[in-house]
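Have a look at the model first, then work through each task with its solution.

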Amino acid sequence: MASLVESGWQYLVTHFSDFQLACIGSFLLHESVFFLSGLPFIYLERAGFLSHYKIQTKNNTPAAQEKCITRLLLYHFCVNLPLMMASYPVFKAMGMRSSFPLPSWKEVSAQILFYFIIEDFVFYWGHRILHSKWLYKNVHSVHHEYATPFGLTSEYAHPAEILFLGFATIVGPALTGPHLITLWLWMVLRVLETVEAHCGYHFPWSLSNFLPLYGGADFHDYHHRLLYTKSGNYSSTFVYMDWIFGTDKGYRRLKTLKENGDMKQT
């Protein structure tokens with residue numbers, strides 16, 4: 001496996017410049033992972049397949065889904081791609097590289113664990129601030145247009161929010177100056193996590209059933225369907241920040257009621 005990765009990386013660094021890999025390569029990887037993981041949930045919702053795993057009974061209209069996709073393409077090409085290109089010199093100055101030798105799995109694992117920890121902390125406070133009255137009305141309400149989220153709504157947001165919360169994702173890599181392959185792996189994991197959190201389905205194989213403190217779709221879906229002043233559940237991947245500051249009490253109470261059979265699922 002290691003030799004296969006090294007061979008593939010050798011091809012990339014031989015045929016493409018560092019700038020092309022870090023900017024264009026990162027953008028193409030992001031788009032591929034994001035849309036390939038998110039589009040199936042539109043199909044599931046339209047076809048009604050696996051509906052007994054759907055968290056909400058409501059469905060989005062095809063027009064609403066198409067609006068989301070159109071806006072996403074606009075934001076990705078007009079905000080995300082320019083941002084990747086503009087931040088390239090910063091990441092280079094912080095030590096990012098694409099050359100050999102490749103980092104060890106111990107180094108990669110340690111850095112990505114650090115990224116998850118710092119991203120959870122920064123995202124929680126940034127997200128909680130976005131739920132203040134003015135910022136919610138003028139910025140964050142765009143993301144909450146979809147009270148019944150589906151995978152692709154994870155990145156449907158006001159351009160200012162993309163920049164604001166995007167900082168939480170890049171601050172870890174900016175501090176450590178990782179190898180590009182580490183940055184790519186972090187990006188893939190982060191995209192898959194946020195798509196899953198917004199997918200609108202809670203499956204028996206969902207990670208939240210197996211990983212302690214992992215949020216997942218059920219946790220984040222609650223956040224979307226409540227009024228902004230009372231939603232809570234501001235965390236990103238892991239939910240310890242909500243637990244520490246008590247901003248998940250409503251969700252925990254509702255979950256207990258459901259488990260005790262005192263109310264039906266919405």
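This is a predicted model: local features need pLDDT of at least 70, side-chain atom pairs count only at pLDDT 80 or more; totals for chains, interfaces and linings use all residues.

**Exercise 1. Classify the ring pairs Trp125 with Phe245 and Phe203 with Trp205.**

Solution. Step one is the rule: rings of Phe, Tyr and Trp (its six-membered ring) pair if their centres lie within 6.5 Å, and planes under 30 degrees apart count as stacked, over 60 as edge-to-face and the rest as tilted. The structure holds 23 aromatic pairs. Step two is the pair of Trp125 and Phe245: the centres are 4.9 Å apart and the planes stand at 75 degrees, so this pair is edge-to-face. Trp125 belongs to helix H4 (residues 105-130) and Phe245 to helix H9 (residues 240-245), so the pair ties together parts that are 120 residues apart in sequence. Helices here are DSSP runs (H or I, at least four residues), numbered from the N terminus.

Step three is the pair of Phe203 and Trp205, which is stacked, with 4.7 Å from centre to centre and 5 degrees between the planes.

**Exercise 2. Are Phe203 and Trp205 buried or exposed?**

Solution. Apply the cut-offs: buried means under 20% relative accessible area, exposed over 50%, and partly exposed in between (1.4 Å probe, protein chains only). Phe203 has 8% relative accessibility, so Phe203 is buried. Trp205 reaches 54%, so Trp205 is exposed. For the other pair, Trp125 at 29% is partly exposed, and Phe245 at 41% is partly exposed too.

**Exercise 3. Describe the lining of the largest pocket.**

Solution. First, the terms: on a 1 Å grid over the protein atoms alone, a cavity is a set of points where a 1.4 Å probe fits but cannot get out, and a pocket is an open set with protein on both sides within 12 Å along at least five of seven lines; lining residues have an atom within 4 Å of a point. Grid points are joined across faces, edges and corners, and a volume is the space filled by probe spheres set on the points.

Next, the largest pocket holds about 420 Å³ of space. Of its 23 lining residues, His202, Asp218, Tyr251, Lys255 and Glu259 are the closest to the centre. Helix H10 gives the most to this lining, with six residues. Last, sort by class: ten are nonpolar, six polar and seven charged. Ala, Val, Leu, Ile, Met, Phe, Trp, Tyr, Cys and Pro count as nonpolar, Asp, Glu, Lys and Arg as charged, and the others, Gly among them, as polar.

**Exercise 4. Which helix gives the most to the lining of the largest cavity?**

Solution. The search finds one cavity of 30 Å³ or more, and the largest cavity has a volume of about 960 Å³. Of the 37 residues that line this cavity, His30, Glu155, Ile162, Gly166 and Thr169 lie closest to its centre. H7 gives the most, with eight residues. The lining divides into 17 nonpolar, 16 polar and four charged residues.

How values were computed: Residues are numbered from 1 along each chain as its sequence is written. Side-chain values use heavy atoms; hydrogens and water are left out. Helices (H or I, at least four residues) and strands (E, at least two) are DSSP runs, numbered from the N terminus.
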